[in-house]
Structure formats: C-alpha cells, structure tokens
Amino acid sequence: MPFFSIVTPVYNPPADALLECIKSMQEQSFTDWEWCVVDDQSTNKNVQKILQRAMARDSRIRVALRTTNGGIVDASHDALQMATG
C-alpha cells in the first residue's frame, strides 16, 4: 500500500482556516500519510500553538518551526526534506 507525504509551508494563516485544514487532513479515508508542515516563522504565535497541539494529538502530523523567515521556497524545501513517503 502506498504511503504519502503531504508538504505544506505556512505563514500566518487565519486560525479558522488552519484548524479546518487540520480537520480535513485527519478526516481522510486513506490513513497512510504524513503531513509535513513548516511554519515560516509566523508572527502570530497562535499558529505555532495550533500546529504543536495538532502534532501532539496525531503522530502523522510533523511540524518544524523555522528560526528565520525564508519565504515559501525555503519553507517548502524544508518540508520536502522532512518527507519520508
């Protein structure tokens, strides 16, 4: 059975949209996936809290927090480096 990695860079997403995205991922009928999320140093610290809570509740969600803002390319690259699927 295939194993998928979904890579997602984030930077200051609205909390409701981020929570809906997390919910959508967790409700997938196919369960062999990992979600590699890289926060590109969001200035809204609530983003990191939401991501860390999601990661604590679901081992398929992997989160990295960048120490500098590198833009979508660097954040995407970091997320791709995390992928194992």
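Along the sequence, the protein chain follows the pattern β-α-β-α-β-α, with 3 helices and 3 strands in total. Helices (H or I, at least four residues) and strands (E, at least two) are DSSP runs, numbered from the N terminus. The model is predicted: local features need pLDDT of at least 70, side-chain atom pairs count only at pLDDT 80 or more, and totals for chains, interfaces and linings use all residues. Residues are numbered from 1 along each chain as its sequence is written, and side-chain values use heavy atoms, with hydrogens and water left out.

The radius of gyration of the protein chain is 12 Å, which agrees with the value near 12 Å for a compact globule of 85 residues. This radius is taken over C-alpha atoms, and the globule rule is 2.2 Å times the number of residues to the power 0.38. The C-alpha trace spans about 40 × 25 × 20 Å along its principal axes. Of the accessible surface, about 5,100 Å², 55% belongs to carbon and sulfur atoms; accessible areas come from the Shrake-Rupley method with a 1.4 Å probe, and for residues only the protein chains shown count as cover. Of the 85 residues, 31% are buried, where buried means under 20% relative accessible area, exposed over 50%, and partly exposed in between (1.4 Å probe, protein chains only). Among the contacts with a separation of 6 or more, 80% join residues 24 or more positions apart; contact means heavy atoms within 4.5 Å.

The 3 strands form an open sheet with parallel pairing, in the order E1-E2-E3. Strand E1 (4-10) and strand E3 (61-65) stand at the edges with a single partner strand each, so one side of each is left without a neighbour in the sheet. Neighbouring strands are turned by 15 degrees against each other on average, direction ignored. Two strands pair if DSSP finds at least two bridges between them. E1 and E2 run parallel and are joined by 7 bridges, and Ile-6 has Trp-35 in E2 as its bridge partner. Strand E2 (residues 33-39) pairs with E3 in the parallel sense over 5 bridges, with Val-63 in E3 as the bridge partner of Val-37.

In strand E2, 7 of the 7 residues are buried, so E2 is largely enclosed by the rest of the structure. In a regular strand the side chains alternate between the two faces of the sheet. Both faces of E2 are covered, with Trp-33, Trp-35, Val-37 and Asp-39 buried on one side and Glu-34, Cys-36 and Val-38 buried on the other.

Helix H1 (residues 15-26) lies across E1, E2 and E3 and runs at about 165 degrees to E2. Helix H2 (residues 45-57) also packs on the sheet, touching E1, E2 and E3, and its direction makes about 145 degrees with that of E3. Axes are lines fitted to C-alpha atoms, for helices over the stretch in contact, and angles run from 0 to 180 degrees between N-to-C directions.

A nonpolar core is a set of buried Ala, Val, Leu, Ile, Met, Phe, Trp, Tyr and Cys residues joined through side-chain atoms within 4.5 Å. The largest such core has 13 residues, of which Leu-18, Ile-22, Trp-35, Val-37, Leu-51 and Ile-61 touch the most other members. At least two residues of this core come from each of H1, E2, H2 and E3, and H2 supplies the largest share, 4 residues. Another core, of 5 residues, lies apart from it and includes Cys-36, Val-38, Ala-75 and Met-82. Beyond its neighbours within four places in sequence, Val-37 is in contact with Thr-8, Val-10, Leu-51, Arg-62, Val-63, Ala-64 and Met-82.

Arg-62 is located in strand E3 and counts as partly exposed, at 29% relative accessibility. Not counting residues up to four places away in sequence, Arg-62 touches Glu-34, Trp-35, Cys-36, Val-37, Met-55, Met-82, Ala-83 and Thr-84. The C-alpha atoms of Arg-62 and Leu-51 are separated by 8.8 Å, with the two residues 11 apart along the chain.

Most residues other than glycine have a negative phi. Asn-12, in the loop between E1 and H1, has a positive phi near 50 degrees and is partly exposed, with a relative accessible area of 26%. Gln-41, in the loop between E2 and H2, has a positive phi near 60 degrees and is partly exposed, with a relative accessible area of 32%.
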